[in-house]
Amino acid sequence: MSSCYLDVSILLTGSGSTQCSGRVEVYHNNSWGTVCDDGWDLNDAEVVCRQINCGSALEVPPSADFGAGTGQIWLDNVTCSGNESSLTECQHSGFGSNRCEHSQNAAVICSDLIRLAGSGSSRCAGRVEIFHNNIWGTVSDWYWNLNDAEVVCRQLNCGSALEATQSSKFGAGTGQVWLTDVTCSGNESSITECQHTGWGNYYYISNFYNYYYNFYYYYYYGHSYDVGVICSGAKTF
């Protein structure tokens with residue numbers, strides 16, 4: 001069980017929770033309380049994920065999927081456009097006004113600044129993309145293996161890694177190649193905790209190449225080697 005306190009007015013907690021997935025609880029009137037899932041959808045989850053710096057919303061789990069909370073149910077009938085900066089800015093029935101039980105507690109699964117994209121992708125299978133410096137970018141497949149994929153799958157709450165794909169199996173991305181030479185033990189909680197050559201240092205992948213060749217290689221061939229994962233939670237791929 002873990003909790004995310006990046007925003008002191010909201011946290012994710014409960015059985016099996018991670019930094020960016022769990023039961024939603026909000027702080028009001030000097031106490032923590034839960035949110036009822038009446039009308040709870042991806043727009044609402046999107047606001048929560050952004051509020052706690054956990055990327056975008058991937059999924060709205062079933063009622064009390066991370067266990068039932070205790071104490072006050074603070075919010076019900078939450079209706080967000082998805083653009084609000086805080087969950088409490090969304091329309092709701094009023095603090096403490098509800099007809100719910102804790103068996104209806106709302107939860108979210110956020111991307112944790114990582115996502116799977118590309119041709120034929122699903123929530124748990126696709127090209128690995130990381131959000132850094134306000135830009136989505138890809139990962140190069142140098143030394144990419146199942147240990148690295150295992151970390152990504154666990155980070156996305158997608159089970160275990162079935163395959164670590166290379167050479168842009170899910171299509172080539174665009175923009176920045178953020179990471180290369182990623183080396184994970186498999187136990188890290190985030191891919192950014194694994195060893196790598198540094199953010200955006202793609203042209204250092206081989207010391208025997210000169211600078212100009214690497215510069216050319218990066219801009220013209222870099223995305224030909226984008227990595228992907230297929231996790232056990234993938235329904236289609």
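1. In this predicted model, the disulfide between Cys-184 and Cys-194 is right-handed, with 105° about the S-S bond. Cys-184 and Cys-194 both lie in the loop between strand E11 (177–179) and helix H3 (211–221), so the link ties together parts that are ten residues apart in sequence. The two sulfur atoms are 2.1 Å apart.

2. The accessibility of this pair deserves a remark. Cys-184 has a relative accessible area of 7%, and Cys-194 has a relative accessibility of 4%. Cys-184 is therefore buried, as its value is under the 20% cut-off, and Cys-194 counts as buried because its value is also under 20%.

3. Cys-124 and Cys-158 form a further disulfide, with a sulfur separation of 2.0 Å. Cys-124 is in the loop between strand E7 (114–122) and strand E8 (125–132), and Cys-158 is in the loop between helix H2 (146–155) and strand E10 (161–165), so parts 34 residues apart in sequence are tied together. This link is left-handed, at -75° about the S-S bond, and Cys-124 and Cys-158 are both buried.

4. Another disulfide joins Cys-20 to Cys-54, with an S to S distance of 1.9 Å. The pair links distant parts of the chain, 34 residues apart: Cys-20 belongs to the loop between strand E1 (10–18) and strand E2 (21–28), and Cys-54 to the loop between helix H1 (42–51) and strand E4 (57–59). The link of Cys-20 and Cys-54 is left-handed, with -70° about the S-S bond, and both cysteines are buried.

5. How many disulfides are there by this count? The count comes to seven disulfides, among them the link of Cys-20 and Cys-54.

Methods: Residues are numbered from 1 along each chain as its sequence is written. This is a predicted model: local features need pLDDT of at least 70, side-chain atom pairs count only at pLDDT 80 or more; totals for chains, interfaces and linings use all residues. Side-chain values use heavy atoms; hydrogens and water are left out. A disulfide is a pair of cysteine sulfur atoms within 2.5 Å. Helices (H or I, at least four residues) and strands (E, at least two) are DSSP runs, numbered from the N terminus. Buried means under 20% relative accessible area, exposed over 50%, partly exposed in between (1.4 Å probe, protein chains only).
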